[in-house]
Amino acid sequence: MPLPRTRETGLRQRLAELRGPEVPAKALDARALAALAANPGCKRRAILDGAGVDKAALADALGSPSAFGQSQFALTRGNAFEARVKADGGAELLRLVHEKLDGKAEPPSDAEVPDLTAIGPEGRTARTALALRDATATDGWTLLDHPMLALDVAGSPAFLEPDAVVVHPDGSWTVVEIKSFPMLDGSADPAKVGAAARQAAVYVLALEDVAARLTPPPRVRHRVLLVCPKDFSNLATASAVDIRKQRAVTSRQLARLTRVQDIADALPEGTCFSPELPADELTTAVETVPATYAPECLSACELAFHCRDRSRADGAVTSLGRAVRAELGGLTTVEDVLAAARGEAGDPDDPAVAALRRAAELRAQALGQGVAACH
């Protein structure tokens with residue numbers, strides 16, 4: 001006799017239907033999750049990521065190929081550097097953690113590196129939680145190489161794999177991020193450091209969920225270790241990065257995400273996002289889910305080119321940027337903005353309308369003076 005269908009199993013089946021028959025789910029990583037949290041109002045990205053849709057393949061099928069992502073060269077270089085840092089049982093990595101974050105503790109001479117292999121992401125997540133519990137009960141150093149963590153995102157679990165987590169002798173936990181971009185004279189590109197901090201904040205949130213299930217709950221450190229090549233060499237250097245601000249912002253934004261279940265329930269029956277579908281049918285399916293496009297999406301989402309084209313075709317002011325959109329109040333299209341500026345539409349008591357009309361007057365005066373000066 002089959003088991004009764006619960007809300008959770010029903011959601012999983014619905015998401016599988018949206019993804020397409022026999023199409024494997026693409027797992028969310030911290031990079032994608034940080035980008036998702038940066039645009040919490042976009043229902044399109046929420047449902048596609050929640051269903052595990054490969055957005056790069058989807059963009060190709062829609063005729064708007066994505067330019068987003070890391071090059072194969074960068075991936076190869078990053079993997080080689082990470083292997084070097086973790087060689088010899090992670091001796092160099094643990095030395096950096098001790099030097100930058102916990103200099104008063106005993107040096108990590110005989111650290112444990114537990115085996116975290118298990119079947120499937122759920123099994124690896126359980127094995128990681130067990131290893132963290134066991135390591136916290138000891139008084140030594142433990143290095144967890146590529147542990148698996150789970151974080152609830154809009155009602156759906158996302159499985160995350162940080163580069164490493166270190167358990168200190170005092171039982172506290174530290175997230176380690178290993179990147180291939182260099183630190184030159186002790187500092188790195190602020191934009192890249194910021195992106196790494198947002199990723200680390202996602203891992204910290206997931207670790208806090210694991211810690212909350214232990215008694216007493218261990219301390220998850222809010223200073224993470226960022227490990228990078230030193231200058232232009234292959235030698236490793238590191239910096240402690242305080243991610244409390246990124247953690248607070250990410251937590252708040254993830255909490256505001258529309259639940260995947262609610263989005264899925266609102267879709268027409270038979271909706272499917274499989275890249276194998278004909279282009280016109282796939283376009284119709286994608287357009288059933290509203291998107292919240294902004295120029296920032298170009299550096300964070302594989303569907304950005306498609307959404308940009310649609311936003312421009314609709315004349316949406318969001319294509320000009322979130323800052324412009326915020327200043328225009330209830331004026332949502334470029335046509336509405338121009339009509340308000342010309343005095344053809346809009347409430348004159350609306351501050352946005354009044355500002356547009358004043359700007360139009362000043363422009364007309366400037367152009368008139370320019371023409372007069374020419375004559």
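Asp88 is found in helix α6, where helices are DSSP runs of H or I with at least four residues, strands are runs of E with at least two, and both are numbered from the N terminus. Phi of Asp88 is near 60 degrees, a positive value in a residue other than glycine. Asp88 counts as exposed because its relative accessibility is 74%; the classes are buried under 20% relative accessible area, exposed over 50%, and partly exposed in between, with a 1.4 Å probe and protein chains only.

Before I continue, a word on the model. It is a predicted model, in which local features need pLDDT of at least 70 and side-chain atom pairs count only at pLDDT 80 or more, while totals for chains, interfaces and linings use all residues. Residues are numbered from 1 along each chain as its sequence is written, and side-chain values use heavy atoms, with hydrogens and water left out.

I turn now to Lys86. This residue sits in the loop between α5 (72-85) and α6 (87-101). Lys86 has 13% relative accessibility and therefore counts as buried. Which side chains make polar contacts with the side chain of Lys86? One is that of Glu82, at 2.7 Å, and another is that of Asp145, at 2.5 Å. A polar contact here is a pair of N or O atoms within 3.5 Å; within protein, one must be able to donate a hydrogen and the other to accept it, and residues adjacent in sequence count only if both atoms are side-chain atoms. Leaving aside residues up to four places away in sequence, Lys86 touches Leu93, Asp145, His146, Asp163, Ala164 and Ile178, a contact being heavy atoms within 4.5 Å.

His146, one of the residues touched by Lys86, belongs to the loop between β1 (142-145) and β2 (149-153). Its phi is positive, about 50 degrees, although His146 is not a glycine. Is His146 buried, exposed or partly exposed? With a relative accessible area of 25%, His146 is partly exposed.

The next residue is Trp173, in strand β5 (residues 173-178). Trp173 counts as buried because its relative accessibility is 0%. Its side chain is joined to that of Thr136 by a polar contact of 2.9 Å. Along the chain, Trp173 and Glu208 are 35 residues apart, and 9.6 Å separates their C-alpha atoms.

One peptide bond also deserves mention. Thr215 and Pro216 are joined by a cis peptide bond, with omega about -10 degrees. Pro216 lies in the loop between α8 (190-212) and β6 (223-229).

Finally, the chain as a whole. How many helices and strands are there in the chain? There are 15 helices and seven strands. The chain has 375 residues, of which 43% count as buried. Among contacts between residues at least 6 apart in sequence, 64% join residues at least 24 apart. The C-alpha atoms fill a box of roughly 85 × 70 × 40 Å, taken along the principal axes. The accessible surface comes to about 19800 Å², and 54% of that surface belongs to carbon and sulfur atoms; these areas come from the Shrake-Rupley method with a 1.4 Å probe, and for residues only the protein chains shown count as cover.
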